[in-house]
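Here are some notes for a colleague opening this model for the first time. They begin with the contact between the chains and then turn to a sheet and its helices.

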Amino acid sequence: MASSQKHVFSLTGVLYQLERLEARDQRSAKPQDEHQGLQDSETDLEAKIRKLRKLRDELRTKVKLHEASARIPITNLEPYEPLKNSEENLEMKLEKAKAFFQAFHLTGLSGKLTTKGVCICFSTAFEGNILDSYYVDLIIKKPLTIHRHSVPVFIPLEQIAAKYLETNFQHFVYSLSEHLNAYSGRKYQADQLQCGFSAFLARPLQRNSLCTLLSFTYTTDPSGKSFPFCARLVYQDLTTTLPTNVTITYQGTGATPASWEDQRAAHEPLFYKNALYKVFESFLRVREN
Amino acid sequence: MHTGIHTGTHTGTHAAEPRRRRRSGGSPGFEEGLRGGPQRESAPPTHLRLSRSRRRPAGGGEASRDLEAQLGRAESGLSFLSGLTGVRIADYSMARAELPGSSESAGESGLRVLRKGRLAGECHSVPFQLEFQLLETQSEENSSATITDLSIIVEPTEHSELSRFVARTEEKRDLFLFFRSLHFFLEWCEYRQRTFQYFKEKHPAMVQLPGGPAADSMGLQSPCVPGFELVVVWTVHIDEGGKVVPELDLLTKIPEQALTLDQREVVARAPHCFRTLLLLLGIEAAIDSLIQLLRTEE
(Lines give C-alpha, C1' and ligand atoms only; values in the text may rest on other atoms or scores of the structure.)
Protein backbone atom coordinates (compact mmCIF):
# COMPACT_ATOMS: atom_id res chain seq x y z
CA MET A 1 0.00 0.00 0.00
CA ALA A 2 3.01 2.29 -0.29
CA SER A 3 1.72 4.35 -3.20
CA SER A 4 3.33 7.25 -5.00
CA GLN A 5 2.27 10.80 -4.42
CA LYS A 6 0.96 11.05 -8.01
CA HIS A 7 -1.86 8.68 -7.18
CA VAL A 8 -2.86 10.77 -4.17
CA PHE A 9 -2.98 13.91 -6.25
CA SER A 10 -5.26 12.39 -8.85
CA LEU A 11 -7.69 11.46 -6.11
CA THR A 12 -7.65 14.95 -4.68
CA GLY A 13 -8.19 16.28 -8.21
CA VAL A 14 -11.44 14.37 -8.33
CA LEU A 15 -12.36 15.69 -4.89
CA TYR A 16 -11.78 19.21 -6.13
CA GLN A 17 -14.12 18.59 -9.06
CA LEU A 18 -16.78 17.23 -6.76
CA GLU A 19 -16.56 20.25 -4.53
CA ARG A 20 -16.93 22.57 -7.49
CA LEU A 21 -20.00 20.69 -8.68
CA GLU A 22 -21.49 20.89 -5.20
CA ALA A 23 -20.87 24.66 -4.99
CA ARG A 24 -22.41 25.14 -8.42
CA ASP A 25 -25.48 23.19 -7.37
CA GLN A 26 -25.89 25.31 -4.25
CA ARG A 27 -25.69 28.47 -6.32
CA SER A 28 -28.14 27.21 -8.91
CA ALA A 29 -30.62 26.07 -6.22
CA LYS A 30 -31.32 29.66 -5.09
CA PRO A 31 -33.66 31.17 -7.76
CA GLN A 32 -37.19 29.64 -7.39
CA ASP A 33 -38.39 28.76 -10.86
CA GLU A 34 -41.91 27.50 -11.64
CA HIS A 35 -40.86 25.77 -14.84
CA GLN A 36 -41.48 22.06 -14.50
CA GLY A 37 -38.58 21.29 -16.76
CA LEU A 38 -36.21 23.18 -14.56
CA GLN A 39 -37.59 21.43 -11.46
CA ASP A 40 -37.11 18.06 -13.08
CA SER A 41 -33.54 18.82 -13.99
CA GLU A 42 -33.12 20.07 -10.44
CA THR A 43 -34.21 16.74 -8.94
CA ASP A 44 -31.91 15.01 -11.39
CA LEU A 45 -29.08 17.19 -10.27
CA GLU A 46 -29.91 16.51 -6.63
CA ALA A 47 -29.71 12.80 -7.19
CA LYS A 48 -26.46 13.31 -9.00
CA ILE A 49 -25.12 15.40 -6.13
CA ARG A 50 -26.05 12.72 -3.61
CA LYS A 51 -24.24 10.10 -5.64
CA LEU A 52 -21.20 12.29 -6.02
CA ARG A 53 -21.18 13.12 -2.32
CA LYS A 54 -21.10 9.44 -1.52
CA LEU A 55 -18.26 8.95 -3.95
CA ARG A 56 -16.45 11.89 -2.43
CA ASP A 57 -16.67 10.42 1.06
CA GLU A 58 -15.37 7.09 -0.16
CA LEU A 59 -12.49 8.75 -1.93
CA ARG A 60 -11.69 10.87 1.10
CA THR A 61 -11.25 7.79 3.27
CA LYS A 62 -9.13 6.23 0.55
CA VAL A 63 -6.88 9.28 0.42
CA LYS A 64 -6.52 9.21 4.19
CA LEU A 65 -5.51 5.57 4.11
CA HIS A 66 -3.06 6.18 1.31
CA GLU A 67 -1.55 9.14 3.09
CA ALA A 68 -1.17 7.14 6.24
CA SER A 69 0.60 4.29 4.52
CA ALA A 70 2.71 6.31 2.11
CA ARG A 71 3.93 8.64 4.77
CA ILE A 72 7.67 8.72 5.28
CA PRO A 73 7.87 8.83 9.09
CA ILE A 74 11.44 10.02 9.25
CA THR A 75 10.38 13.35 7.79
CA ASN A 76 7.81 13.87 10.49
CA LEU A 77 10.48 14.29 13.14
CA GLU A 78 9.92 17.48 15.03
CA PRO A 79 12.79 19.58 16.21
CA TYR A 80 13.85 18.78 19.73
CA GLU A 81 16.59 20.18 21.91
CA PRO A 82 16.97 18.71 25.38
CA LEU A 83 17.00 21.37 28.06
CA LYS A 84 20.05 21.13 30.25
CA ASN A 85 18.09 21.41 33.43
CA SER A 86 18.88 19.07 36.26
CA GLU A 87 15.41 19.15 37.74
CA GLU A 88 13.14 17.96 35.00
CA ASN A 89 9.52 18.51 35.76
CA LEU A 90 6.80 16.29 34.50
CA GLU A 91 6.16 18.21 31.30
CA MET A 92 9.82 18.13 30.32
CA LYS A 93 9.97 14.43 31.00
CA LEU A 94 6.96 13.90 28.81
CA GLU A 95 8.46 16.02 26.03
CA LYS A 96 11.66 14.02 26.28
CA ALA A 97 9.86 10.69 26.20
CA LYS A 98 7.82 11.75 23.18
CA ALA A 99 10.94 12.96 21.36
CA PHE A 100 12.81 9.73 22.12
CA PHE A 101 9.80 7.81 20.87
CA GLN A 102 9.95 9.69 17.59
CA ALA A 103 13.71 9.21 17.42
CA PHE A 104 13.18 5.48 17.11
CA HIS A 105 12.20 6.10 13.50
CA LEU A 106 15.91 6.72 12.91
CA THR A 107 16.67 3.11 13.71
CA GLY A 108 14.40 1.94 10.92
CA LEU A 109 12.10 0.20 13.36
CA SER A 110 9.47 1.96 15.38
CA GLY A 111 5.98 1.35 16.52
CA LYS A 112 3.37 2.08 19.07
CA LEU A 113 1.09 0.19 21.38
CA THR A 114 -2.50 0.10 20.19
CA THR A 115 -5.64 -0.82 22.09
CA LYS A 116 -5.49 -4.47 21.13
CA GLY A 117 -1.83 -4.92 20.43
CA VAL A 118 0.98 -3.20 18.69
CA CYS A 119 1.65 -1.54 15.37
CA ILE A 120 5.19 -1.75 14.05
CA CYS A 121 6.47 0.62 11.40
CA PHE A 122 9.30 -0.50 9.13
CA SER A 123 11.21 2.28 7.40
CA THR A 124 13.33 1.42 4.40
CA ALA A 125 16.25 3.19 2.82
CA PHE A 126 18.95 2.53 0.28
CA GLU A 127 22.35 4.20 0.55
CA GLY A 128 21.02 7.26 2.32
CA ASN A 129 17.83 7.64 0.28
CA ILE A 130 14.81 7.22 2.49
CA LEU A 131 12.23 5.07 0.72
CA ASP A 132 8.76 3.70 1.48
CA SER A 133 7.67 2.59 4.86
CA TYR A 134 5.41 -0.30 5.77
CA TYR A 135 3.46 -1.22 8.83
CA VAL A 136 2.33 -4.41 10.52
CA ASP A 137 -0.52 -4.37 12.99
CA LEU A 138 -0.46 -7.20 15.51
CA ILE A 139 -3.05 -8.33 17.99
CA ILE A 140 -1.75 -9.63 21.29
CA LYS A 141 -3.36 -12.90 22.03
CA LYS A 142 -2.30 -16.52 22.02
CA PRO A 143 -1.16 -17.05 19.29
CA LEU A 144 0.13 -13.69 18.04
CA THR A 145 -1.70 -12.80 14.86
CA ILE A 146 -1.18 -10.20 12.21
CA HIS A 147 -4.30 -8.11 12.01
CA ARG A 148 -3.41 -5.78 9.16
CA HIS A 149 -0.33 -4.92 7.22
CA SER A 150 0.87 -2.94 4.24
CA VAL A 151 3.54 -5.40 3.20
CA PRO A 152 3.32 -6.24 -0.54
CA VAL A 153 2.05 -9.73 -1.32
CA PHE A 154 5.25 -10.95 -2.91
CA ILE A 155 7.25 -10.51 0.29
CA PRO A 156 7.10 -13.88 2.12
CA LEU A 157 5.46 -12.44 5.24
CA GLU A 158 3.56 -15.62 6.12
CA GLN A 159 6.73 -17.71 5.95
CA ILE A 160 8.70 -15.33 8.13
CA ALA A 161 5.79 -15.13 10.58
CA ALA A 162 5.41 -18.91 10.69
CA LYS A 163 9.10 -19.28 11.40
CA TYR A 164 9.69 -16.58 14.00
CA LEU A 165 6.56 -14.82 15.19
CA GLU A 166 5.85 -17.17 18.06
CA THR A 167 9.36 -18.16 19.03
CA ASN A 168 11.50 -15.06 18.59
CA PHE A 169 9.62 -11.83 18.05
CA GLN A 170 12.73 -9.67 17.74
CA HIS A 171 14.06 -11.90 15.00
CA PHE A 172 10.72 -11.76 13.17
CA VAL A 173 10.87 -7.98 13.14
CA TYR A 174 14.49 -7.78 12.01
CA SER A 175 14.08 -10.50 9.38
CA LEU A 176 11.05 -8.74 7.91
CA SER A 177 12.97 -5.46 8.02
CA GLU A 178 15.80 -7.11 6.04
CA HIS A 179 13.40 -8.34 3.36
CA LEU A 180 11.60 -5.01 3.07
CA ASN A 181 14.80 -2.97 2.92
CA ALA A 182 16.27 -5.27 0.29
CA TYR A 183 13.10 -5.08 -1.81
CA SER A 184 13.03 -1.28 -1.51
CA GLY A 185 16.69 -1.10 -2.49
CA ARG A 186 16.24 -3.29 -5.56
CA LYS A 187 13.15 -1.37 -6.62
CA TYR A 188 14.98 1.93 -6.16
CA GLN A 189 17.89 0.73 -8.31
CA ALA A 190 15.55 -0.44 -11.06
CA ASP A 191 13.58 2.84 -10.95
CA GLN A 192 16.76 4.90 -11.09
CA LEU A 193 17.99 2.94 -14.08
CA GLN A 194 14.68 3.30 -15.87
CA CYS A 195 14.31 7.04 -15.28
CA GLY A 196 17.84 8.32 -14.95
CA PHE A 197 19.66 6.35 -17.60
CA SER A 198 16.98 5.67 -20.19
CA ALA A 199 19.33 6.98 -22.90
CA PHE A 200 21.53 3.94 -22.35
CA LEU A 201 18.68 1.46 -22.58
CA ALA A 202 17.91 0.18 -26.07
CA ARG A 203 14.77 -1.51 -24.81
CA PRO A 204 12.78 -0.75 -21.67
CA LEU A 205 13.72 -2.48 -18.45
CA GLN A 206 11.77 -5.62 -17.65
CA ARG A 207 11.33 -6.74 -14.09
CA ASN A 208 9.21 -8.91 -11.85
CA SER A 209 7.26 -7.41 -8.97
CA LEU A 210 9.78 -8.51 -6.36
CA CYS A 211 12.57 -6.99 -8.51
CA THR A 212 14.60 -10.18 -8.23
CA LEU A 213 14.82 -10.60 -11.98
CA LEU A 214 15.89 -7.69 -14.14
CA SER A 215 16.33 -7.88 -17.87
CA PHE A 216 17.52 -4.99 -20.00
CA THR A 217 19.51 -4.20 -23.12
CA TYR A 218 22.01 -1.41 -22.88
CA THR A 219 24.75 0.25 -24.83
CA THR A 220 27.67 2.24 -23.57
CA ASP A 221 27.15 4.70 -26.39
CA PRO A 222 23.65 6.19 -26.43
CA SER A 223 24.00 7.35 -30.03
CA GLY A 224 23.50 3.72 -30.88
CA LYS A 225 26.68 3.01 -32.76
CA SER A 226 28.06 0.28 -30.57
CA PHE A 227 26.84 -3.26 -30.21
CA PRO A 228 24.20 -3.67 -27.51
CA PHE A 229 24.63 -5.76 -24.38
CA CYS A 230 21.75 -7.88 -23.21
CA ALA A 231 21.95 -8.16 -19.43
CA ARG A 232 20.04 -10.43 -17.09
CA LEU A 233 20.38 -9.95 -13.36
CA VAL A 234 19.07 -12.48 -10.87
CA TYR A 235 18.83 -11.79 -7.15
CA GLN A 236 18.42 -15.16 -5.50
CA ASP A 237 18.87 -13.92 -1.98
CA LEU A 238 15.79 -11.92 -1.02
CA THR A 239 17.71 -10.06 1.66
CA THR A 240 20.38 -8.54 -0.57
CA THR A 241 20.44 -5.61 -2.96
CA LEU A 242 23.24 -6.97 -5.16
CA PRO A 243 22.66 -9.66 -7.80
CA THR A 244 23.77 -13.25 -7.26
CA ASN A 245 23.83 -14.00 -10.98
CA VAL A 246 24.75 -11.74 -13.88
CA THR A 247 24.71 -12.85 -17.50
CA ILE A 248 25.50 -10.56 -20.40
CA THR A 249 24.83 -11.88 -23.87
CA TYR A 250 24.52 -10.67 -27.39
CA GLN A 251 21.18 -11.16 -29.03
CA GLY A 252 21.51 -10.64 -32.68
CA THR A 253 23.00 -12.13 -35.74
CA GLY A 254 26.62 -12.10 -36.66
CA ALA A 255 29.75 -12.36 -34.65
CA THR A 256 30.66 -9.93 -31.94
CA PRO A 257 33.87 -7.99 -32.24
CA ALA A 258 36.68 -8.67 -29.80
CA SER A 259 36.19 -5.24 -28.25
CA TRP A 260 32.62 -6.21 -27.34
CA GLU A 261 33.90 -9.34 -25.59
CA ASP A 262 36.46 -7.30 -23.68
CA GLN A 263 33.83 -4.82 -22.59
CA ARG A 264 31.49 -7.61 -21.56
CA ALA A 265 34.21 -9.18 -19.41
CA ALA A 266 34.82 -5.80 -17.80
CA HIS A 267 31.14 -5.05 -17.20
CA GLU A 268 30.10 -8.30 -15.59
CA PRO A 269 32.03 -7.87 -12.31
CA LEU A 270 30.79 -4.27 -12.08
CA PHE A 271 27.19 -5.43 -11.83
CA TYR A 272 28.07 -7.92 -9.11
CA LYS A 273 29.73 -5.36 -6.88
CA ASN A 274 27.93 -2.05 -7.40
CA ALA A 275 24.45 -0.64 -7.37
CA LEU A 276 22.89 -0.45 -10.84
CA TYR A 277 22.92 3.30 -11.17
CA LYS A 278 26.55 3.42 -10.04
CA VAL A 279 27.53 1.14 -12.91
CA PHE A 280 25.78 3.40 -15.41
CA GLU A 281 27.25 6.49 -13.81
CA SER A 282 30.66 4.99 -14.50
CA PHE A 283 29.64 4.44 -18.15
CA LEU A 284 28.64 8.09 -18.29
CA ARG A 285 31.99 9.18 -16.88
CA VAL A 286 33.87 7.01 -19.38
CA ARG A 287 31.90 8.53 -22.22
CA GLU A 288 32.56 12.05 -21.04
CA ASN A 289 36.31 11.49 -20.90
CA MET B 1 53.86 -30.03 12.99
CA HIS B 2 50.98 -27.76 12.55
CA THR B 3 48.77 -28.53 9.62
CA GLY B 4 46.47 -25.67 9.06
CA ILE B 5 44.05 -26.27 6.27
CA HIS B 6 41.99 -23.17 6.25
CA THR B 7 38.81 -23.36 4.28
CA GLY B 8 35.87 -21.08 4.71
CA THR B 9 32.46 -22.34 5.54
CA HIS B 10 29.55 -20.12 4.71
CA THR B 11 26.76 -20.97 7.02
CA GLY B 12 24.35 -18.21 6.21
CA THR B 13 21.88 -16.81 8.65
CA HIS B 14 19.16 -18.97 7.12
CA ALA B 15 20.81 -22.34 7.61
CA ALA B 16 21.59 -22.12 11.28
CA GLU B 17 19.86 -19.29 13.09
CA PRO B 18 20.94 -18.39 16.58
CA ARG B 19 18.86 -20.56 18.81
CA ARG B 20 18.06 -19.29 22.25
CA ARG B 21 18.42 -22.29 24.45
CA ARG B 22 18.25 -20.51 27.74
CA ARG B 23 15.49 -18.00 27.11
CA SER B 24 11.82 -18.63 26.76
CA GLY B 25 10.22 -17.64 23.51
CA GLY B 26 9.49 -14.02 22.74
CA SER B 27 11.46 -10.93 23.46
CA PRO B 28 11.32 -9.98 27.16
CA GLY B 29 10.98 -6.27 26.54
CA PHE B 30 7.86 -6.82 24.46
CA GLU B 31 5.82 -8.15 27.35
CA GLU B 32 7.55 -5.93 29.88
CA GLY B 33 6.57 -2.91 27.83
CA LEU B 34 2.94 -3.95 27.93
CA ARG B 35 2.95 -4.64 31.64
CA GLY B 36 4.76 -1.38 32.36
CA GLY B 37 1.76 0.78 31.53
CA PRO B 38 -0.88 -0.05 34.17
CA GLN B 39 1.65 -0.44 36.95
CA ARG B 40 2.90 3.06 36.52
CA GLU B 41 -0.48 4.69 36.85
CA SER B 42 -1.27 3.17 40.22
CA ALA B 43 1.72 4.46 42.18
CA PRO B 44 2.49 8.16 41.72
CA PRO B 45 6.08 8.94 42.66
CA THR B 46 6.74 11.28 45.60
CA HIS B 47 8.12 14.25 43.65
CA LEU B 48 4.76 14.68 41.98
CA ARG B 49 3.13 15.78 45.21
CA LEU B 50 5.55 18.70 45.33
CA SER B 51 4.78 19.76 41.79
CA ARG B 52 1.08 19.47 42.46
CA SER B 53 1.27 21.92 45.34
CA ARG B 54 3.04 24.41 43.11
CA ARG B 55 0.22 24.34 40.60
CA ARG B 56 -2.93 26.34 40.85
CA PRO B 57 -5.49 24.37 42.83
CA ALA B 58 -8.31 24.58 40.26
CA GLY B 59 -8.10 21.36 38.23
CA GLY B 60 -4.35 21.21 38.88
CA GLY B 61 -4.42 17.75 40.42
CA GLU B 62 -6.22 16.29 37.46
CA ALA B 63 -3.87 17.89 34.96
CA SER B 64 -0.80 16.42 36.61
CA ARG B 65 -2.50 13.03 36.94
CA ASP B 66 -3.27 13.21 33.25
CA LEU B 67 0.34 14.18 32.47
CA GLU B 68 1.48 11.33 34.66
CA ALA B 69 -0.69 8.91 32.75
CA GLN B 70 0.65 10.24 29.46
CA LEU B 71 4.21 9.92 30.72
CA GLY B 72 3.50 6.38 31.84
CA ARG B 73 2.15 5.49 28.43
CA ALA B 74 5.06 7.15 26.64
CA GLU B 75 7.61 5.41 28.81
CA SER B 76 6.00 2.00 28.44
CA GLY B 77 5.94 2.55 24.69
CA LEU B 78 9.64 3.41 24.84
CA SER B 79 10.53 0.35 26.84
CA PHE B 80 8.54 -1.78 24.42
CA LEU B 81 10.51 -0.37 21.49
CA SER B 82 13.78 -0.84 23.36
CA GLY B 83 12.93 -4.46 23.96
CA LEU B 84 11.87 -4.93 20.38
CA THR B 85 14.89 -3.39 18.71
CA GLY B 86 17.55 -3.95 21.36
CA VAL B 87 18.32 -0.23 21.09
CA ARG B 88 18.12 2.04 24.09
CA ILE B 89 18.19 5.77 23.41
CA ALA B 90 20.14 7.84 25.90
CA ASP B 91 20.32 11.17 24.13
CA TYR B 92 18.66 12.74 21.12
CA SER B 93 18.40 16.14 19.55
CA MET B 94 17.23 17.44 16.21
CA ALA B 95 17.44 20.95 14.86
CA ARG B 96 16.86 22.74 11.62
CA ALA B 97 20.03 23.87 9.91
CA GLU B 98 20.94 26.46 7.34
CA LEU B 99 20.95 25.19 3.80
CA PRO B 100 24.32 25.69 2.17
CA GLY B 101 24.05 27.90 -0.86
CA SER B 102 21.36 30.38 -1.79
CA SER B 103 17.85 30.20 -0.48
CA GLU B 104 16.43 31.78 -3.63
CA SER B 105 16.42 28.39 -5.28
CA ALA B 106 13.55 27.42 -3.01
CA GLY B 107 11.08 28.61 -5.60
CA GLU B 108 11.95 26.26 -8.44
CA SER B 109 13.14 23.17 -6.68
CA GLY B 110 10.39 23.23 -4.11
CA LEU B 111 10.77 23.33 -0.38
CA ARG B 112 14.09 22.09 0.95
CA VAL B 113 14.71 21.59 4.63
CA LEU B 114 17.98 20.52 6.18
CA ARG B 115 17.92 18.99 9.62
CA LYS B 116 20.86 18.10 11.79
CA GLY B 117 20.48 15.49 14.44
CA ARG B 118 22.35 13.61 17.13
CA LEU B 119 21.48 10.26 18.53
CA ALA B 120 23.26 8.39 21.28
CA GLY B 121 22.47 5.20 23.07
CA GLU B 122 23.24 1.53 23.31
CA CYS B 123 22.55 -1.31 20.94
CA HIS B 124 22.67 -4.60 22.86
CA SER B 125 24.92 -2.87 25.40
CA VAL B 126 27.38 -1.54 22.79
CA PRO B 127 27.34 2.25 23.15
CA PHE B 128 27.07 4.31 19.99
CA GLN B 129 26.88 7.98 19.08
CA LEU B 130 25.88 9.28 15.73
CA GLU B 131 25.41 12.60 14.01
CA PHE B 132 23.59 12.97 10.76
CA GLN B 133 22.15 15.48 8.34
CA LEU B 134 18.79 14.89 6.77
CA LEU B 135 17.77 16.78 3.64
CA GLU B 136 14.06 16.85 2.85
CA THR B 137 12.90 18.00 -0.57
CA GLN B 138 9.28 18.70 -1.31
CA SER B 139 8.28 19.44 -4.86
CA GLU B 140 4.87 19.45 -6.47
CA GLU B 141 5.02 15.83 -7.50
CA ASN B 142 6.75 14.08 -4.65
CA SER B 143 8.67 14.51 -1.49
CA SER B 144 11.90 12.79 -0.66
CA ALA B 145 14.34 12.58 2.17
CA THR B 146 18.02 11.83 1.95
CA ILE B 147 20.69 11.43 4.54
CA THR B 148 23.44 13.71 3.32
CA ASP B 149 25.95 13.13 6.06
CA LEU B 150 26.50 10.45 8.61
CA SER B 151 29.09 10.11 11.30
CA ILE B 152 29.06 7.12 13.66
CA ILE B 153 31.16 6.45 16.72
CA VAL B 154 30.97 3.01 18.26
CA GLU B 155 32.81 2.23 21.45
CA PRO B 156 35.82 0.11 20.50
CA THR B 157 35.16 -3.46 21.41
CA GLU B 158 37.08 -6.63 20.85
CA HIS B 159 35.24 -6.98 17.56
CA SER B 160 37.61 -5.47 14.99
CA GLU B 161 35.12 -6.28 12.22
CA LEU B 162 32.89 -3.56 13.56
CA SER B 163 35.20 -0.63 12.85
CA ARG B 164 35.52 -1.59 9.19
CA PHE B 165 31.77 -2.05 8.91
CA VAL B 166 31.12 1.31 10.57
CA ALA B 167 33.47 3.06 8.11
CA ARG B 168 31.68 1.47 5.14
CA THR B 169 28.26 2.39 6.51
CA GLU B 170 29.33 6.00 7.06
CA GLU B 171 30.42 6.18 3.43
CA LYS B 172 27.15 4.80 2.16
CA ARG B 173 25.16 6.89 4.66
CA ASP B 174 22.93 3.91 5.35
CA LEU B 175 21.61 4.68 8.81
CA PHE B 176 19.05 1.88 9.04
CA LEU B 177 21.56 -0.68 7.81
CA PHE B 178 23.85 0.30 10.67
CA PHE B 179 21.27 -0.71 13.26
CA ARG B 180 20.15 -3.81 11.42
CA SER B 181 23.61 -5.23 10.81
CA LEU B 182 24.79 -4.26 14.27
CA HIS B 183 21.86 -6.16 15.75
CA PHE B 184 22.53 -9.33 13.76
CA PHE B 185 26.28 -9.10 14.36
CA LEU B 186 25.92 -8.77 18.12
CA GLU B 187 23.33 -11.54 18.21
CA TRP B 188 25.72 -13.90 16.47
CA CYS B 189 28.61 -12.89 18.75
CA GLU B 190 26.41 -13.46 21.78
CA TYR B 191 25.35 -16.87 20.46
CA ARG B 192 28.96 -17.82 19.78
CA GLN B 193 29.97 -16.83 23.29
CA ARG B 194 27.10 -18.82 24.82
CA THR B 195 27.97 -21.87 22.74
CA PHE B 196 31.66 -21.78 23.63
CA GLN B 197 30.89 -21.28 27.31
CA TYR B 198 28.41 -24.15 27.25
CA PHE B 199 30.99 -26.56 25.88
CA LYS B 200 33.65 -25.28 28.23
CA GLU B 201 31.40 -25.94 31.20
CA LYS B 202 30.40 -29.37 29.97
CA HIS B 203 33.90 -30.64 29.14
CA PRO B 204 36.33 -28.45 31.06
CA ALA B 205 39.33 -30.72 30.50
CA MET B 206 38.91 -31.01 26.76
CA VAL B 207 37.91 -27.51 25.75
CA GLN B 208 40.41 -24.64 25.64
CA LEU B 209 39.38 -21.06 25.05
CA PRO B 210 42.68 -19.31 24.34
CA GLY B 211 41.16 -15.90 23.82
CA GLY B 212 38.42 -16.19 26.38
CA PRO B 213 34.77 -16.99 25.67
CA ALA B 214 34.24 -13.86 23.56
CA ALA B 215 37.07 -14.72 21.16
CA ASP B 216 36.62 -16.51 17.89
CA SER B 217 38.38 -19.82 18.44
CA MET B 218 37.89 -22.89 20.59
CA GLY B 219 40.43 -25.70 20.95
CA LEU B 220 39.49 -29.33 21.49
CA GLN B 221 42.02 -31.73 22.94
CA SER B 222 41.68 -35.38 23.62
CA PRO B 223 42.38 -36.03 27.33
CA CYS B 224 44.26 -39.29 26.78
CA VAL B 225 45.93 -38.85 23.42
CA PRO B 226 48.24 -35.85 23.66
CA GLY B 227 49.44 -33.89 20.68
CA PHE B 228 46.19 -34.01 18.75
CA GLU B 229 44.20 -30.85 18.69
CA LEU B 230 41.19 -29.66 16.74
CA VAL B 231 40.58 -25.92 16.62
CA VAL B 232 37.19 -24.58 15.67
CA VAL B 233 37.48 -21.05 14.32
CA TRP B 234 34.20 -19.18 14.24
CA THR B 235 34.31 -15.68 12.77
CA VAL B 236 31.34 -13.40 12.31
CA HIS B 237 31.82 -11.47 9.13
CA ILE B 238 29.90 -8.47 7.78
CA ASP B 239 30.04 -8.37 3.98
CA GLU B 240 29.88 -5.40 1.58
CA GLY B 241 26.10 -5.34 1.55
CA GLY B 242 25.89 -5.32 5.34
CA LYS B 243 24.85 -8.94 5.57
CA VAL B 244 26.14 -10.77 8.63
CA VAL B 245 27.60 -14.18 7.81
CA PRO B 246 29.16 -16.54 10.36
CA GLU B 247 32.07 -18.57 9.03
CA LEU B 248 33.26 -21.73 10.70
CA ASP B 249 36.56 -23.45 9.92
CA LEU B 250 38.35 -26.40 11.38
CA LEU B 251 42.09 -26.42 11.93
CA THR B 252 43.91 -29.57 12.87
CA LYS B 253 47.13 -30.03 14.81
CA ILE B 254 48.64 -33.47 14.36
CA PRO B 255 52.09 -34.80 15.34
CA GLU B 256 54.31 -35.50 12.38
CA GLN B 257 54.53 -39.18 13.15
CA ALA B 258 50.78 -39.57 13.01
CA LEU B 259 50.64 -37.77 9.67
CA THR B 260 52.87 -40.36 8.05
CA LEU B 261 50.46 -43.05 9.20
CA ASP B 262 47.49 -41.15 7.76
CA GLN B 263 46.99 -43.10 4.55
CA ARG B 264 43.33 -42.37 4.15
CA GLU B 265 44.02 -38.62 4.23
CA VAL B 266 41.72 -38.02 7.17
CA VAL B 267 43.54 -34.86 8.15
CA ALA B 268 43.35 -33.36 4.67
CA ARG B 269 39.65 -34.06 4.41
CA ALA B 270 38.79 -32.94 7.94
CA PRO B 271 37.81 -29.32 7.16
CA HIS B 272 35.61 -30.40 4.28
CA CYS B 273 33.94 -33.06 6.39
CA PHE B 274 33.36 -30.53 9.15
CA ARG B 275 31.65 -28.26 6.64
CA THR B 276 29.31 -31.08 5.64
CA LEU B 277 28.66 -31.85 9.27
CA LEU B 278 27.69 -28.23 9.88
CA LEU B 279 25.18 -28.29 7.07
CA LEU B 280 23.65 -31.52 8.27
CA LEU B 281 23.59 -31.05 12.03
CA GLY B 282 23.96 -27.36 12.69
CA ILE B 283 26.69 -25.71 14.72
CA GLU B 284 26.11 -27.10 18.20
CA ALA B 285 25.59 -30.71 17.16
CA ALA B 286 28.60 -30.59 14.85
CA ILE B 287 30.91 -29.37 17.63
CA ASP B 288 29.37 -31.92 19.97
CA SER B 289 30.12 -34.72 17.55
CA LEU B 290 33.74 -33.54 17.30
CA ILE B 291 33.99 -33.75 21.08
CA GLN B 292 32.45 -37.21 21.10
CA LEU B 293 34.97 -38.22 18.46
CA LEU B 294 37.87 -37.25 20.71
CA ARG B 295 36.27 -38.81 23.78
CA THR B 296 35.82 -42.24 22.27
CA GLU B 297 39.56 -42.59 22.18
CA GLU B 298 39.39 -43.36 25.89
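1. Across the interface of chain B and chain A, the rule finds one salt bridge. Its partners are A:D237 and B:K243, whose side chains meet at 3.7 Å, N to O. The model is a predicted one, and the nitrogen-to-oxygen distance lies inside the 4 Å cut-off for a salt bridge.

2. On the chain B side, at least two residues each come from the helices α1 (28-42), α2 (47-54), α3 (60-85) and α6 (175-202). The strands β2 (87-97), β3 (111-123), β4 (126-138) and β5 (143-154) of chain B also supply at least two residues each. The most comes from α3(B), with 16 residues.

3. Sorted by class, the side of chain B that touches chain A holds 26 nonpolar, 20 polar and 16 charged residues. In total, 62 residues of chain B are in contact with 60 residues of chain A.

4. How much area is buried between chain B and chain A? The value is about 5,500 Å², and carbon and sulfur atoms give 69% of this area. The size of an interface is often expressed as the accessible area lost when the parts come together.

5. Strand pairing also crosses from one chain to the other. Strand β3 of chain A (residues 129-139) pairs with β5(B) in the antiparallel sense, over two bridges. Within β5(B), B:A145 stands opposite A:I130.

6. Chain A also has an open sheet of four strands, in the order β5-β6-β7-β8, with antiparallel pairing. Its edge strands are β5 (201-207) and β8 (245-249) of chain A, each pairing on one side only. On average, neighbouring strands of this sheet are turned by 10° against each other, direction ignored.

7. Within chain A, β7 (residues 229-234) and β8(A) run antiparallel and are joined by five bridges. Here A:A231 stands opposite A:I248, a residue of β8(A). In general, strands of a sheet pair through backbone hydrogen bonds, in either a parallel or an antiparallel way.

8. Which strands does helix α5 of chain A lie across? This helix (residues 169-196) lies across β5 and β6 (213-218) of chain A, and runs at about 155° to β5(A). Helix α6 of chain A (residues 258-273) lies across β6, β7 and β8 of chain A, running at about 160° to β8(A).

Notes
Residues are numbered from 1 along each chain as its sequence is written. Chains are lettered from A and ligands numbered from 1 in the order in which they are written. This is a predicted model: local features need pLDDT of at least 70, side-chain atom pairs count only at pLDDT 80 or more; totals for chains, interfaces and linings use all residues. Side-chain values use heavy atoms; hydrogens and water are left out. Contact means heavy atoms within 4.5 Å. Buried area is the accessible area (1.4 Å probe) that two parts lose on being put together, summed over both. Ala, Val, Leu, Ile, Met, Phe, Trp, Tyr, Cys and Pro count as nonpolar, Asp, Glu, Lys and Arg as charged, and the others, Gly among them, as polar. Two strands pair if DSSP finds at least two bridges between them. Axes are lines fitted to C-alpha atoms, for helices over the stretch in contact, and angles run from 0 to 180 degrees between N-to-C directions.
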